[in-house]
Amino acid sequence: MTAGRGDPELLDRMVGSSLGWLARWRTRFRLPPDVTTDADPNHTLKPLGELAELTQFIASAHPRADLRSAAAELFAFAWRETGEGELFVELIRGEPYATYPVEIYGAFAQAGLRHPAVEALALTTTGLRGWRVAREDHTRTLAVLNAERRIGLPQHGDFDDEFSRTGLGVLPEPWALDGKAAYGLTHDVFHLTDWGRDRRRLAPETAAYLRLWLPSWLENWLDEQLLDLVGELLAIAAILPAAPYDAAAWRRLAAAQAADGSVPESTAVPRPTDPTETFRACYHSTLVTAFAATLARIAAAGAGTEPVAADDAVAAARQLPFESEAAL
């Protein structure tokens with residue numbers, strides 16, 4: 001790895017291609033009518049929330065205006081899919097203890113897109129005794145605390161204390177890291193640093209640990225052809241102090257990106273032919289590629305990760321709806 005010596009042309013091409021595919025397939029992010037009752041949130045709200053989270057970052061931080069604009073249109077689409085926040089009113093009323101409506105809403109609130117009824121309900125539900133019960137893991141609790149911070153709600157726990165109990169916080173034996181633990185580790189960093197916006201929150205000991213072991217982890221999961229995890233690890237590298245850049249890993253990820261801009265979660269299995277399965281196999285890793293390449297591009301430009309055009313996403317979200325689109 002080399003410090004801060006990225007390839008802007010390669011990185012910009014990867015971001016643009018990824019956003020292009022996401023824009024062409026955005027109808028697949030649309031929410032079904034039964035989203036508040038019978039729909040599987042892993043196939044409905046989760047994809048839309050990830051779209052909002054990562055395009056909001058790109059729209060506010062990428063050095064190139066055209067790529068910020070492309071991301072802002074996708075972020076605007078996501079906001080409109082929530083009924084400009086009305087969906088979260090239904091979700092919170094239906095599941096007062098559920099964290100995911102607050103987590104997803106937090107990405108919009110951070111961009112200045114707010115809904116008074118959502119905030120009134122969230123202020124009540126996050127103060128309930130049941131809300132203080134630990135989530136299924138400490139990484140998820142970090143996500144909740146970060147959402148509370150974004151919205152401006154009282155935080156129900158101490159961020160640093162919670163981080164110390166996460167998979168990354170205990171500095172696990174690097175040779176024993178399996179895939180599930182690796183995903184948790186990357187998200188510990190994302191939530192701690194607010195998705196790369198505040199890299200200073202990484203303690204020197206944590207940053208040194210990651211810098212030492214990232215190259216071997218990257219090599220391992222490149223060999224395993226698990227591209228969404230490779231993208232997440234490259235994003236972590238770009239968040240570290242001096243942003244070490246693994247040129248070989250980036251070239252391998254770029255080579256795995258299809259001509260249409262999509263990146264499969266894994267190249268070890270055949271690409272699906274059914275459009276629904278194609279979307280599910282590609283949307284997350286394609287989003288992660290755009291996000292990681294944006295972080296690396298910022299580092300290559302010698303900039304911090306402070307937003308350079310924070311109002312772009314909000315302005316796009318307040319424009320008229322997109323024209324009618326045919327479903328893929």
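**Burial, a helix and the core**

Tutor: Let's start with T286, which is buried, with a relative accessible area of 0%. Keep in mind that this is a predicted model.

Student: Where is T286 found, and what does T286 touch?

Tutor: T286 is found in helix α13. Leaving out residues up to four places away in sequence, T286 touches S18, W21, L22, G261, S262 and V263.

Student: Which residues of α9 are buried?

Tutor: The general idea is that an α-helix has 3.6 residues a turn, so residues three or four places apart point the same way. In α9, the buried residues are A182, L185, T186, D188, V189, F190, H191 and L192. Their cover includes α7, α8, α10, α11 and α13.

Student: What follows α9?

Tutor: D194, with a positive phi near 55°.

Student: And how should I approach the largest nonpolar core?

Tutor: In soluble globular proteins, nonpolar side chains tend to be buried together. Here the largest nonpolar core has 97 residues, and F108, L210, W217 and W250 have the most contacts inside it. Helix α13 gives the most to this core, with eleven residues.

Student: What does F108 touch?

Tutor: Not counting residues up to four places away in sequence, F108 touches A52, F75, A78, W79, T82, F88 and L113.

Definitions and conventions
Residues are numbered from 1 along each chain as its sequence is written. This is a predicted model: local features need pLDDT of at least 70, side-chain atom pairs count only at pLDDT 80 or more; totals for chains, interfaces and linings use all residues. Side-chain values use heavy atoms; hydrogens and water are left out. Buried means under 20% relative accessible area, exposed over 50%, partly exposed in between (1.4 Å probe, protein chains only). Helices (H or I, at least four residues) and strands (E, at least two) are DSSP runs, numbered from the N terminus. Contact means heavy atoms within 4.5 Å. A nonpolar core is a set of buried Ala, Val, Leu, Ile, Met, Phe, Trp, Tyr and Cys residues joined through side-chain atoms within 4.5 Å.
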